[in-house]
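Subject: Structure for your review

Dear colleague,

Please find below the structure that I am handing over to you. My notes on what was found in it follow.

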Amino acid sequence: MTARIDHVLTSGTFSLDGETHQVDNNVWVVGDETECVVIDAPHDADAILALVGDRRLKAIVCTHAHDDHVRVAPELRERRGAPILLHPADKPLWELTHPDLLWDVDLSDGQTLTVAGTEITVLHTPGHAPGAVCLSVPDLGCVFTGDTLFQGGPGATGRSFSDADQIKNSIRTRLFRLPDETVVHTGHGPDTTIAAERDNLA
Ligand SMILES: [Zn+2]
């Protein structure tokens with residue numbers, strides 16, 4: 001039995017640098033009938049747990065620590081006993097949202113997570129945020145890019161803790177080494193492919 005991908009869109013806010021924006025976020029769940037991991041925890045724990053169902057939640061993996069990706073991570077942890085995984089370079093962003101809480105496990109570049117017999121490889125892709133990661137799943141022919149790569153190009157780098165040159169470098173040196181046909185599941189908006197975004201960035 002191979003892993004499958006479930007998806008839900010949640011709506012709410014993203015706040016940074018004294019501004020608040022209305023946003024829709026993609027939440028991705030990778031797993032099988034018995035266990036799964038959640039990728040990002042925005043806005044609405046009930047909506048996310050409806051996808052998890054009665055499966056064992058192995059981990060809450062955060063692509064980065066902007067508040068629209070981590071806000072309900074502690075609630076999910078509390079309700080389902082799953083650890084929160086985050087790259088430690090995003091500590092300053094995490095503390096803006098959850099100053100009195102910590103995540104549980106540091107993500108690191110090249111690390112492999114396993115769920116439902118499927119390997120997920122962590123790619124550290126700083127730029128949108130210092131601790132931004134993408135999650136490559138070759139068995140499923142896809143990569144989860146958070147806010148690092150969207151349909152149409154790189155994620156935003158106009159706010160604090162972002163770096164435009166760094167995000168382009170991350171995309172070129174890490175994501176563009178994936179096969180052309182790799183499906184890109186993003187943090188906001190529609191899917192794309194590595195081939196399409198290679199053309200967009202060129
Ligand atoms: Zn973000």
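Which residues have the most contacts inside the largest nonpolar core? They are Val38, Leu57, Ile60, Cys62, Leu76, Ile84 and Trp94, in a core of 30 residues. A nonpolar core here is a set of buried Ala, Val, Leu, Ile, Met, Phe, Trp, Tyr and Cys residues joined through side-chain atoms within 4.5 Å; buried means under 20% relative accessible area, exposed over 50%, and partly exposed in between, with a 1.4 Å probe and protein chains only.

Please note that this is a predicted model, in which local features need pLDDT of at least 70 and side-chain atom pairs count only at pLDDT 80 or more, while totals for chains, interfaces and linings use all residues. Residues are numbered from 1 along each chain as its sequence is written, and side-chain values use heavy atoms, with hydrogens and water left out.

Helix 1 gives the most, with five residues. (Helices are DSSP runs of H or I with at least four residues, strands are runs of E with at least two, and both are numbered from the N terminus.) Leaving aside neighbours within four places in sequence, Val38 is in contact (heavy atoms within 4.5 Å) with residues including Val27, Val29, Ile48, Leu57 and Leu76. A second, separate core has 19 residues, among them Val115, Ala116, Cys142 and Phe144.

**The zinc site**

His64 (NE2), His66 (ND1), His128 (NE2) and Asp147 (OD) coordinate the zinc ion at 2.2 to 2.3 Å. Donors are N, O and S atoms within 2.8 Å of the metal (3.2 Å for Na, K and Ca); water is not among the atoms, so sites may look incomplete. The angles among the four donor atoms run from 88 to 173°, and the site is irregular. His66 lies in the loop between strand 4 (56-61) and helix 2 (67-70), and His128 in the loop between strand 8 (118-124) and strand 9 (133-137), so this pair ties together parts that are 62 residues apart in sequence. His66 is buried at 4% relative accessibility, and His128 is buried at 5%.

**The cysteines**

The structure holds zero disulfides (pairs of cysteine sulfur atoms within 2.5 Å). For Cys36, the nearest cysteine sulfur is that of Cys62, 14 Å away. For Cys134, it is that of Cys142, 12 Å away. Cys36 is buried, at 0% relative accessibility, and Cys134 is buried, also with 0%.

With kind regards

Terms used. Tetrahedral: all angles 85-135°; square planar, octahedral: opposite > 155°, others 65-115°.
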